[in-house]
Amino acid sequence: MEKENIRDIVSKLTLEEKAGLCSGASDWLTKAVERLGIPSIWLTDGPHGLRKQEGLTDNLGINESKTAVSFPAECATAASFDRELLRKIGEALGDEGQAENIQVLLGPGVNIKRSPLCGRNFEYFSEDPLLAGELGAAYVEGLQSRGIGACVKHFLANNQETRRMTSSSEVDERTLREIYMPAFERVVKKAKPWGVMCSYNKINGKFASESREYMTDVLRKEWGFDGCVISDWGATHNRVGAIAAGTDLTMPGVPETDGEIVEAVRAGKLPEFLLDEACANVLQLVYKGIEGRRPGVEFNMEKDHDLSRYAAEQSAVLLKNEDAILPLSDARKIAFIGQFAEKPRYQGGGSSNVKAAYVTNALDEARKLANISYSKGYTEEGTDEEMLEQAVQVAKEADVAVVFVGLTPGMETEGYDRQHMSLPEEHAAVIEAVGRVQSNMVVVLHTGSPVEMPWLPKAKGLLEMYFGGEAVGEATVNLLFGRSNPCGRLPETFPTRLEDNPSYLFYFGTGNKVEYREGVYAGYRYYESKRQEVLFPFGYGLSYTDYSYSNLKLDRDRLCSGEVLTVSVDVTNTGSRPGKEVVQLYVAVNKSDVLRPVKELRGFDKVELASGETRTVFFQLEQRDFSYWNTEAHCFHMPAGSYEIQIGKSAHEVVLSAEIEAEEQPLDIEQEFTMVSLIGDIMKHPAGKAFMDTYQDELCEGIINSGMVENIIGKSISKDEVLPMMKGLQGQGLMVLKMFLPSLGTDVWDKLLQELNGKE
Ligand code: BGC
């Protein structure tokens with residue numbers, strides 16, 4: 001509906017109706033205004049499947065919901081590094097949404113994984129904002145192409161579950177801009193989601209729902225968002241404050257607080273035009289939903305189940321494959337051990353929990369292909385000697401033992417965080433027991449985030465399936481038996497120990513304050529800068545084939561403000577199987593005056609290659625890709641310097657690199673030079689450099705004549721010996737120069753300062 005028509009409807013609403021429209025009718029419906037024929041629309045969780053509740057409702061996944069297809073959770077699909085896959089999942093969810101007559105799907109979640117402990121990591125994509133933003137945007141584009149709106153969540157700085165409703169994320173401006181905001185920014189700018197969900201937490205002391213700075217100034221004014229800001233369920237504490245901030249729709253319905261808005265308008269405390277804007281945004285969402293309806297769309301459970309299987313295969317990460325133990329040959333005696341083989345953990349707990357129609361397990365699927373012996377090793381209740389002994393027996397009798405382990409429902413669920421990074425004791429015990437008797441051990445992981453692996457040396461094979469959705473059984477078997485070639489790459493670092501994670505010391509915070517003291521050093525940005533060894537780096541993953549890289553080319557060797565750099569590189573499949581490689585491009589800073597992570601992911605692409613095939617992959621980089629957030633100018637800034645374009649098989653393993661010089665992007669910062677300004681800073685200014693060149697000889701003489709150096713080293717020095725010492729002056733103030741240049745009058749210094757300050 002045209003904006004004008006919407007404004008017209010708003011003008012016909014009474015004040016009470018306006019206030020009412022800005023909160024839901026129930027858990028999942030917006031409010032209808034029958035008098036004016038305004039319909040209501042359905043909002044439903046997301047993100048990896050539909051959770052439509054028609055009976056008792058809740059926002060924690062407790063009550064029944066309608067049967068739907070469970071796709072792999074975002075923790076898994078992130079590992080696909082595959083935009084096209086996310087688009088397809090979005091499309092399928094869109095069709096399911098149409099068939100179920102919903103209008104908005106609550107997802108995707110693009111929060112950054114600050115710590116492996118976050119209980120909702122499985123619902124988020126990555127520790128890297130580019131990956132999270134690109135995949136989030138592809139999902140939104142797919143979903144919305146089917147007439148269903150996306151609601152990107154949870155904006156902003158919601159990176160833990162502990163005290164998520166009261167804690168304040170204390171994050172500095174630069175860290176927000178470089179790490180926690182860009183994924184949202186990318187999705188908003190690229191995919192134009194219909195909705196953005198504000199988070200429960202406070203941002204630097206202010207509830208997200210009441211933050212005009214983020215919900216309006218950044219989101220709408222800077223990024224051009226023109227959809228509806230929806231509160232997380234129960235995230236609004238002050239209806240008037242929310243409307244004033246730009247949080248348009250409070251969910252679920254809280255009609256008892258409508259009066260607060262009415263009173264505030266009447267008392268002149270809330271300008272009515274702000275309420276009108278909120279209503280217009282809600283109405284726009286409603287009418288987009290109504291206009292997007294495609295009656296008659298049906299969804300085919302089997303087809304979507306198959307897409308779910310394909311997605312799980314594209315997302316699994318092969319982490320270890322010693323002696324090429326995988327793929328398994330059906331000629332060998334194979335044992336499956338661990339209850340997850342028959343009851344896989346395929347999704348996390350909480351509001352994203354989907355009532356899946358048809359969950360497959362690896363044991364049944366593998367038995368269709370080979371003779372598999374089985375021992376459960378543990379149950380939901382734990383393990384005991386008898387179960388462990390049986391597992392050992394079955395492992396001994398086989399040629400290869402595949403052990404299925406992971407994180408249990410109690411460990412990864414919305415609402416709380418993990419307290420450690422270990423597997424459940426009973427799962428670890430089974431690995432240890434099997435590892436003692438069977439050297440051919442493969443471990444299959446079902447986790448939503450990294451775990452510590454003290455047992456890793458005993459496993460020859462390791463396959464991370466994440467929470468792979470309802471078809472995870474078939475996908476796992478296809479990968480184990482080589483019917484499908486693993487092509488996922490880690491969207492997050494697997495640290496060796498939890499203590500190595502950069503947020504470790506500060507993660508849960510103190511009381512209601514959570515300080516993000518690690519700053520911009522999130523994930524691999526920290527591990528690589530610190531040269532901290534990790535178990536598996538960001539971007540890592542193996543394949544049943546091999547790839548080689550050649551011909552890295554840059555179309556220029558110098559980049560100026562506003563220019564675009566095109567990078568190309570050839571990738572060849574040198575192995576005997578077809579496969580898909582994830583080409584990763586990092587921009588590394590060779591030397592910088594600004595504290596910066598040593599490298600950052602600035603491009604990725606996934607390419608399919610037949611055996612022996614070569615393809616050229618292209619990337620385009622812009623000024624922003626070389627920039628950091630400057631807190632004086634409050635913008636991204638590309639400083640001059642030498643950068644390295646790295647093509648990596650992970651954040652750690654660089655296979656090719658090339659250098660490029662960047663020219664300083666002019667910054668609009670008022671910098672006042674005085675006699676205490678550093679000589680090093682002054683020399684960066686053309687006037688300062690000219691001054692130093694002019695007076696260099698005199699300066700050397702001044703230093704010699706002062707006798708200072710002679711006093712220290714006990715002998716007189718020559719001009720040639722002074723010159724190398726000049727570098728040491730850079731950290732001194734300008735007044736030190738004055739000391740060594742006594743012949744210069746005040747007028748010379750005044751003139752220099754005037755030139756430096758652009759006054760001459
Ligand atoms: C979650 C949201 C979810 C909403 C509705 C909240 O508890 O944080 O992600 O969309 O409930 O179920």
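In helix 19, the residues Ala687, Gly688, Phe691 and Tyr695 meet Val748, Trp749, Leu752, Glu755 and Leu756 of helix 23. By class, the residues of this contact comprise 7 nonpolar, 1 polar and 1 charged. The model described here is a predicted one.

**Helix 19 and helix 23**

- Helix 19 covers residues 686–706, and helix 23 covers residues 746–756.
- The axes of helix 19 and helix 23 come within 9 Å and cross at roughly 145 degrees.
- Two packed helices are described by the distance between their axes and by the angle between those axes.

**Helix 14 and helix 15**

- A further pair is formed by helix 14, residues 385–397, and helix 15, residues 425–437.
- The axes of helix 14 and helix 15 come within 9 Å, with a crossing angle of roughly 40 degrees.
- This crossing of helix 14 and helix 15 is right-handed.
- On the side of helix 14, the residues in contact are Leu388, Ala391, Val392, Ala395 and Lys396.
- Helix 15 meets them with Ala429, Val430, Ala433, Val434 and Val437.
- The contact of helix 14 with helix 15 divides into 9 nonpolar residues, no polar residues and 1 charged residue.

**The ligand site**

- There are 15 residues around the ligand, and Asp45, Arg120, His154, Asp232 and Glu414 come nearest.
- Arg120 has a side-chain N or O atom 2.7 Å from an oxygen atom of the ligand.
- For Tyr200, a side-chain N or O atom is 2.9 Å from an oxygen atom of the ligand.
- Arg164 places a polar side-chain atom 3.3 Å from an oxygen atom of the ligand.
- The ligand taken alone exposes 310 Å², and the protein buries 100% of that area.

**The surroundings of Tyr374**

- Tyr374 has its place in strand 13, which covers residues 372–375.
- Leaving aside residues up to four places away in sequence, Tyr374 touches Phe336, Gly338, Gln339, Ala341, Glu342, Leu363, Arg367 and Val394.
- One of these residues, Glu342, makes a side-chain to side-chain polar contact with Tyr374 at 2.8 Å.
- Tyr374 and Glu178 are 196 residues apart along the chain, and their C-alpha atoms are separated by 49 Å.

How values were computed: Residues are numbered from 1 along each chain as its sequence is written. This is a predicted model: local features need pLDDT of at least 70, side-chain atom pairs count only at pLDDT 80 or more; totals for chains, interfaces and linings use all residues. Side-chain values use heavy atoms; hydrogens and water are left out. Axes are lines fitted to C-alpha atoms, for helices over the stretch in contact, and angles run from 0 to 180 degrees between N-to-C directions. Helices (H or I, at least four residues) and strands (E, at least two) are DSSP runs, numbered from the N terminus. A crossing is left-handed if the near helix is turned anticlockwise from the far one by less than a right angle, and right-handed if clockwise. Contact means heavy atoms within 4.5 Å. Ala, Val, Leu, Ile, Met, Phe, Trp, Tyr, Cys and Pro count as nonpolar, Asp, Glu, Lys and Arg as charged, and the others, Gly among them, as polar. A residue is near a molecule or strand if one of its heavy atoms lies within 4 Å of it. A polar contact is a pair of N or O atoms within 3.5 Å; within protein, one must be able to donate a hydrogen and the other to accept it, and residues adjacent in sequence count only if both atoms are side-chain atoms. Accessible areas come from the Shrake-Rupley method with a 1.4 Å probe; for residues, only the protein chains shown count as cover.
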